[in-house]
Amino acid sequence: MVSFNTAIRTKLIRENMRNFEDLQIAVAGTGYVGLSIATLLAQHHKVTAVDIIPEKVEKINNRISPIQDEYIEKYFAEKELNLTATLDGASAYKDADFVVIAAPTNYDP
Ligand SMILES: NC(=O)c1ccc[n+]([C@@H]2O[C@H](COP(=O)([O-])OP(=O)(O)OC[C@H]3O[C@@H](n4cnc5c(N)ncnc54)[C@H](O)[C@@H]3O)[C@@H](O)[C@H]2O)c1
């Protein structure tokens, strides 16, 4: 027998929370910090990685790591990742449920 509270809570969760897999996450900065986080999260969520350097964005979209990192390279080669890189921060941040800032400390939005 499901209690009234449990039923209400379940209804609220169903109506207000999107599926875990549907979460959209934007990561600002694809350096050592940002690209590691983006790669890990992209195993389970839709991740948009934002950078200001076009060559980095292009490489990530072609699953070539712009930085030397054993695990990022391995994950790019072997894992199915829901990861897209872009120069268009405004649209990535607007659509995101969460934004991870991994840009330099003198970052200029
Ligand atoms: N690397 C570490 O071990 C470490 C540890 C603790 C804290 N941090 C902090 O984490 C942050 C990221 O560090 P990192 O080592 O990954 O730096 P990084 O220099 O390797 O990468 C930063 C990335 O951000 C991009 N960027 C710059 N301006 C941007 C903007 N406006 N929008 C989007 N992207 C932008 C750069 O092009 C670069 O690719 C820094 O603030 C750093 O101080 C780093």
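This is a working chat about the predicted model shown above.

Trainee: What should I know before reading numbers off this one?

Mentor: It is a predicted model, in which local features need pLDDT of at least 70, side-chain atom pairs count only at pLDDT 80 or more, and totals for chains, interfaces and linings use all residues. Residues are numbered from 1 along each chain as its sequence is written.

Trainee: Fine. What does the secondary structure of the chain come to?

Mentor: There are 5 helices and 4 strands. Helices (H or I, at least four residues) and strands (E, at least two) are DSSP runs, numbered from the N terminus. In that direction the elements run α-β-α-β-α-α-β-α-β.

Trainee: In what order do the strands sit in the sheet?

Mentor: The order is 3-2-1-4, in an open sheet with parallel pairing. Two strands pair if DSSP finds at least two bridges between them. Strand 3 (83–86) and strand 4 (98–101) are the edge strands, each pairing on one side only. From one strand to the next the twist averages 20°. Axes here are lines fitted to C-alpha atoms, for helices over the stretch in contact, and angles run from 0 to 180 degrees between N-to-C directions.

Trainee: How many bridges join strand 1 and strand 2?

Mentor: Strand 1 (residues 24–28) and strand 2 (residues 46–50) are joined by 5 bridges, in the parallel sense. Among the pairs, Gln24 has Lys46 as its partner in strand 2, Ile25 has Val47 and Ala26 has Thr48.

Trainee: And which strands does helix 3 touch?

Mentor: Helix 3 (residues 54–61) packs on the sheet and touches strand 2 and strand 3, its direction making about 160° with that of strand 3. Contact between two residues means that their C-beta atoms, placed from the backbone, lie within 7 Å.

Trainee: Why is strand 1 described as largely enclosed?

Mentor: Because 4 of the 5 residues of strand 1 are buried. Strand 2 is also largely enclosed by the rest of the structure, since 4 of its 5 residues are buried. A residue is buried if 20 or more other C-beta atoms lie within 10 Å of its own, exposed if 12 or fewer, and partly exposed in between, with C-beta atoms placed from the backbone. Over the chain of 109 residues, 26% count as buried.

Trainee: What is Ala28 in contact with?

Mentor: Apart from neighbours within four places in sequence, Ala28 is in contact with Gly34, Val50, Gly89, Val99, Val100, Ile101, Ala102 and Ala103. As for the whole chain, residues 24 or more positions apart account for 66% of the contacts with a separation of 6 or more.

Trainee: Which residues of helix 2 are buried?

Mentor: Gly34, Leu35, Ala38, Thr39 and Leu41. Their cover includes strand 1, strand 2, helix 4, strand 3 and strand 4.

Trainee: Changing topic: how many residues surround the ligand?

Mentor: 20, the closest being Gly29, Gly31, Tyr32, Val33 and Ala103. A residue counts as near a molecule if its C-beta atom, placed from the backbone, lies within 6 Å of it. Helix 2 gives the most to this shell, 3 residues. The shell divides into 11 nonpolar, 6 polar and 3 charged. Ala, Val, Leu, Ile, Met, Phe, Trp, Tyr, Cys and Pro count as nonpolar, Asp, Glu, Lys and Arg as charged, and the others, Gly among them, as polar.

Trainee: What about Pro104, buried or exposed?

Mentor: Pro104 is exposed, with 8 other C-beta atoms within 10 Å. Pro104 lies in the segment after strand 4. Between Pro104 and Gly29 there are 7.8 Å, C-alpha to C-alpha, though they are 75 residues apart in sequence.

Trainee: And where is Lys94?

Mentor: In helix 5 (residues 89–95). Lys94 is exposed, with 10 other C-beta atoms within 10 Å.
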